[in-house]
Amino acid sequence: MFYRSVVLRATLRTLAFGCALAALLAGCGPVSSGGTAGQSGSAGQSGSAGQSGSSGRSDGSVQTETGQQSHPQPVNRLEIDSDSGAVVVRPGQGPGADVQHTLRWTGDKPQLTEVVEGETLKITARCPRSGGSDRCEVQLTVTVPADTAVHTGLGAGAISVSDLAGDLELRSAAGAVTGRGLRSKAVTARSSAGGVELTFAAPPRSVDAESTAGAVAVYVPPGDLAYAVDASTTAGRVDVAVPDQPGAGATLTAHSTAGNVTVGYR
């Protein structure tokens, strides 16, 4: 009986080892991981991913990936921190947000993440720090409720927003900053290398527009609201059509180090 038990246990161990070896030799199937780079993901309260596709080769040619991520939960603040690529923000119909992305790169793929914390959607786009001449762009088109507060920080690329009513802080180190049909009360827009142009559909309370190398233009709707205007340029022309009333509750500030400055009605 003892001999039979030993043989039985040895046989079982052999069978278990054979099964494990067979599984190993068969190779691992595709392994998927969620919410990381290049693939749009969300944490906290997550949205549903749309279709995405990629094209290109790994031989140094430009590769492309497109995709979409929906966040149905309420969003009242949008924060974008991106190394490179254009950003477009516009209003949508529902309480949530929708993010469309296009990645273009050579070498290592950019890393894109989307995280919802409370009612804040945070989008981060990072380029690999490999240096050299590799191309890296993350184009973002984000749809949010019109009264969402928007804060964007862009390393290189243009920022374009339209028809928004929430407070805006728009910054690009190398690219134009444009706002159209704005109903926001407070707007800060800055570019280190590019023009800044803001057009308002409703009178703002505080505007701070500045460019280190580019023209700056601020246009407000005509009306009875008085503005304290501060407009200047180091190299260029200053054209102010809005009466300056020092001490007024609403302020319009427009500065350029190298470019024309315009403050007027539209």
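Strands, as the word is used here, are DSSP runs of E with at least two residues, numbered from the N terminus. The model is predicted, so local features need pLDDT of at least 70 and side-chain atom pairs count only at pLDDT 80 or more, while totals for chains, interfaces and linings use all residues. Residues are numbered from 1 along each chain as its sequence is written, and side-chain values use heavy atoms, with hydrogens and water left out.

**Thr-120**
- Thr-120 lies in strand β8 (residues 120-126).
- With a relative accessibility of 14%, Thr-120 counts as buried (under 20% relative accessible area, 1.4 Å probe, protein chains only).
- Leaving aside residues up to four places away in sequence, Thr-120 touches Arg-77, Glu-79 and Val-115 (contact means heavy atoms within 4.5 Å).
- Arg-77 is 43 residues from Thr-120 along the chain, yet their C-alpha atoms are separated by 4.7 Å.

**Strand β21**
- Strand β21 (residues 261-265) is largely enclosed by the rest of the structure, because four of its five residues are buried.
- Strand β17 (residues 216-220) runs parallel to β21 and is joined to it by five bridges (strands pair if DSSP finds at least two bridges between them).
- In this pairing, Val-218 stands opposite Val-263.
- Strand β19 (residues 238-240) is also parallel to β21, with three bridges joining them.
- Asp-239 has Thr-262 of β21 as its bridge partner.

Terms used. Buried < 20%, exposed > 50% of the residue type's maximum accessible area, 1.4 Å probe, protein only.
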